[in-house]
Amino acid sequence: PIMDAYYAAFKIPDSIYNLLIVGALSTGFIPIFTSLYAAGDTKKTWRMASTVLNIAGLSLIICSIAGIILAPFIARLVGPGFDTETLRLTTTFTRIIFISPVLLGISMVLGGILQSLRHFLTYSIAPILYNIGIILGVTVLYPLFGITGIAWGVVLGAALHTLTQWYGAHVAGFRWSMAFEIADASVRTIGKLMIPRTMGQIG
């Protein structure tokens with residue numbers, strides 16, 4: 001029952017992350033970032049990257065808050081045959097794991113920067129640290145904090161994933177800013193490129 005709840009709790013947060021970020025963002029972000037950077041306007045390039053990161057982060061925060069609030073409904077949706085205790089555990093796990101899409105969404109934007117600049121070392125290390133975080137959740141956090149430590153291991157892994165790629169992007173020259181230039185032509189182009197890929201994933 002514990003593992004049933006754990007795997008079920010992964011489904012919706014992981015689906016939101018995959019739908020909004022994986023593939024769709026890479027399809028739109030990487031070619032635009034690469035073309036701007038190649039043109040030599042690094043200031044504009046970093047502001048565009050910050051804008052995309054801020055939009056992605058805010059969008060995922062909103063989705064995650066909604067998911068945390070709706071966790072009991074989500075638990076019944078992904079575990080229709082679960083008993084009351086397993087549903088309760090699924091709800092708890094879901095609320096904790098919904099933190100991870102925010103971190104991983106930010107990390108994927110940073111990963112797009114690293115791929116564009118061909119800085120592959122930290123990009124390749126990040127998924128390993130994500131899995132290490134999950135393992136630590138089972139081996140360390142569970143004995144220390146009880147059953148919820150398993151779910152917090154997912155958040156720990158996501159945090160390690162993000163911090164690793166943030167460090168790599170910082171070394172590559174990225175400096176985050178509060179930019180939120182939705183009307184920027186490059187940002188709008190990225191949005192347009194993402195739509196077909198997102199619709200394809202829904203299909």
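Helices α6 and α7 are roughly antiparallel to each other, a term used for angles over 145 degrees, while angles under 35 count as roughly parallel, 65 to 115 as roughly perpendicular and the rest as oblique. The helix α7 covers residues 120-145, and α6 and α7 pack at an angle of about 155° with their axes 8 Å apart. Here an axis is a line fitted to C-alpha atoms, for helices over the stretch in contact, and angles run from 0 to 180 degrees between N-to-C directions. The helices themselves are DSSP runs (H or I, at least four residues), just as strands are E runs of at least two, and both are numbered from the N terminus.

Before we go on, please keep in mind that this is a predicted model, in which local features need pLDDT of at least 70 and side-chain atom pairs count only at pLDDT 80 or more, whereas totals for chains, interfaces and linings use all residues. Residues are numbered from 1 along each chain as its sequence is written, and side-chain values use heavy atoms, with hydrogens and water left out.

Let us stay with α6 and α7 for a moment. In which hand does α6 pass α7? The crossing is left-handed, which is the name used if the near helix is turned anticlockwise from the far one by less than a right angle; clockwise makes it right-handed. In the loop between these two helices sits R118. Its phi is positive, about 60°, although R118 is not a glycine. As background, most residues other than glycine have a negative phi. R118 counts as exposed because its relative accessibility is 69%; the cut-offs are under 20% relative accessible area for buried, over 50% for exposed and in between for partly exposed (1.4 Å probe, protein chains only).

L129 is found in helix α7 and is partly exposed, with a relative accessible area of 23%. L129 and T92 are 37 residues apart in sequence, and their C-alpha atoms are 24 Å apart in space. L136 is also placed in α7, and with a relative accessible area of 32% L136 is partly exposed.

Helix α6 (residues 100-116) packs with α3 at an angle of about 160°, and the two axes are 8 Å apart. That angle makes α3 roughly antiparallel to α6. α3 passes α6 in a right-handed crossing.

Next come the charged pairs. Side chains of opposite charge can pair when their charged atoms come close. The structure holds two salt bridges, each defined as a side-chain nitrogen of Lys or Arg within 4 Å of a carboxyl oxygen of Asp or Glu. In one of the pairs, R47 meets E181, and the closest N and O atoms are 2.5 Å apart. This pair links distant parts of the chain: R47 belongs to helix α3, E181 to the loop between α8 (148-172) and α9 (185-202), and 134 residues separate them. R47 counts as partly exposed at 34% relative accessibility, and E181 counts as partly exposed at 29%.

R88 and E85 form a salt bridge too, at 2.4 Å from N to O. Both lie in helix α5 (residues 84-97), three residues apart, which is about one turn of the helix. R88 is partly exposed at 45% relative accessible area, and E85 is partly exposed at 47%.

Finally, look at G191 in helix α9. G191 is partly exposed, with a relative accessible area of 29%. The C-alpha atoms of G191 and L25 are separated by 8.4 Å, although the two residues are 166 residues apart along the chain.
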